[in-house]
Amino acid sequence: MVSKNIFIFIFIFAALNVRADEIIIGVEDDAAPWSYKDGSGFANDVVRLTFKAVGTVVKFDVYPYARCKFQAEKGGRVACLTSSRTTETEQTLMFPKNSLLNVQNILFVRKNSANKTCDISKWPKPLHVIYTNEYEYVEKFGQYIKKGIISGIKVNTESQGLVMLQRKRADAVIINVDEVKTINYVLNRAGIKESVAIGCDLGVLKGYLAFSKKNSKSLEAMEKFDRGFEIIKKNGELKKLQLLWRKLAI
């Protein structure tokens, strides 16, 4: 007969293994449809499916983006979703081989604005532009701020920035969009579709699951992420998620 002690040992060993194959990742609370307050979203689903492909369970802690990034930078969480790779973020975060998003940085203006050109030199100076706290943008946006061409106004969410633009609190607002988080989706969510227009497309940044340089589990987790991502690309699961979330966003 198998002794009771052996069963207890097997149970404890199995429980330890479950914990060993579980990681906790920080995700943003207001980046729909990439990430929602309830932990759902396109980017969240991709990450969950990616780790599942290599036998790892992911749990999400949902924060405002500034706190999410801070937790990863200080090592409190393995990673933060979603961050862009810039000269600044590379100092404190690690980036996997595979990106999740191709994010366009769009300057929106009021519909009746004369500022509908990418020649920023023709815009009023300083140009008052709303941006979201701790978000990453293309390098030239930061350069415009440093040179005084742009006077930045910081807000907590993109929807808040769009409403402020509509109320004439600034000349423009910079918004991140992609093929899932479309321009129409963002404007409809803020409830101002008829009052703003595209002023300029500033360019593209890739969006990543960014890993902590200070968390002991990060290197192993990043390797698993890249391995799992290749699996869901090859088996078609990634494409299915992209199509699903495009429909849901519409």
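**Exercise 1. In this predicted model, find where Pro-33 lies and state which kind of peptide bond joins Ala-32 and Pro-33.**

Solution. 
Step 1. Pro-33 sits in the loop that runs between strand 1 (22-28) and helix 2 (42-52).
Step 2. The bond joining Ala-32 and Pro-33 has an omega of about 0 degrees, and it is cis.
Step 3. For background, most peptide bonds are trans.
Step 4. A cis bond also leads from Lys-125 to Pro-126, with omega near -10 degrees. Pro-126 belongs to the loop between strand 5 (101-110) and strand 6 (127-132).

**Exercise 2. Describe the surroundings of strand 1: how many of its residues are buried, and which strands does it pair with?**

Solution. 
Step 1. Of the seven residues of strand 1, five are buried, so the strand is largely enclosed by the rest of the structure.
Step 2. Strand 1 and strand 2 (residues 57-63) run parallel and are joined by seven bridges.
Step 3. The chain passes from strand 1 through helix 2 to strand 2, a β-α-β crossover that is right-handed.
Step 4. Strand 1 is also parallel to strand 3 (residues 79-84), with two bridges between them. Here the bridge partner of Gly-26 is Cys-80.
Step 5. Helix 2, the helix of the crossover, is mostly covered, with eight of its eleven residues buried. Among them are Phe-42, Val-46, Val-47 and Phe-51.

**Exercise 3. For the salt bridges of Arg-189, Lys-69 and Glu-179, name the partner and say where the two residues lie.**

Solution. 
Step 1. The structure holds 15 salt bridges.
Step 2. Arg-189 pairs with Asp-30, and their closest N and O atoms are 3.1 Å apart. Arg-189 is in helix 6 (residues 183-190) and Asp-30 in the loop between strand 1 and helix 2, so the bridge ties together parts 159 residues apart in sequence.
Step 3. Arg-189 is partly exposed at 41% relative accessibility. Asp-30 has 19% and counts as buried, because buried means under 20%.
Step 4. Lys-69 pairs with Glu-136, with 2.8 Å between the closest N and O atoms. Lys-69 lies in helix 3 (residues 65-74) and Glu-136 in the loop between strand 6 and helix 4, 67 residues apart. Both Lys-69 and Glu-136 are buried.
Step 5. Glu-179 meets Arg-246 at 3.1 Å, N to O. Glu-179 is in the loop between strand 8 and helix 6, and Arg-246 is in helix 8 (residues 237-249), 67 residues apart.
Step 6. Glu-179, at 47% relative accessibility, is partly exposed. Arg-246, at 23%, is also partly exposed.

Terms used:
Residues are numbered from 1 along each chain as its sequence is written. This is a predicted model: local features need pLDDT of at least 70, side-chain atom pairs count only at pLDDT 80 or more; totals for chains, interfaces and linings use all residues. Side-chain values use heavy atoms; hydrogens and water are left out. Helices (H or I, at least four residues) and strands (E, at least two) are DSSP runs, numbered from the N terminus. Buried means under 20% relative accessible area, exposed over 50%, partly exposed in between (1.4 Å probe, protein chains only). Two strands pair if DSSP finds at least two bridges between them. A crossover is right-handed if, with the strands pointing away from the viewer, the path from the first strand over the helix to the second runs clockwise. A salt bridge is a side-chain nitrogen of Lys or Arg within 4 Å of a carboxyl oxygen of Asp or Glu.
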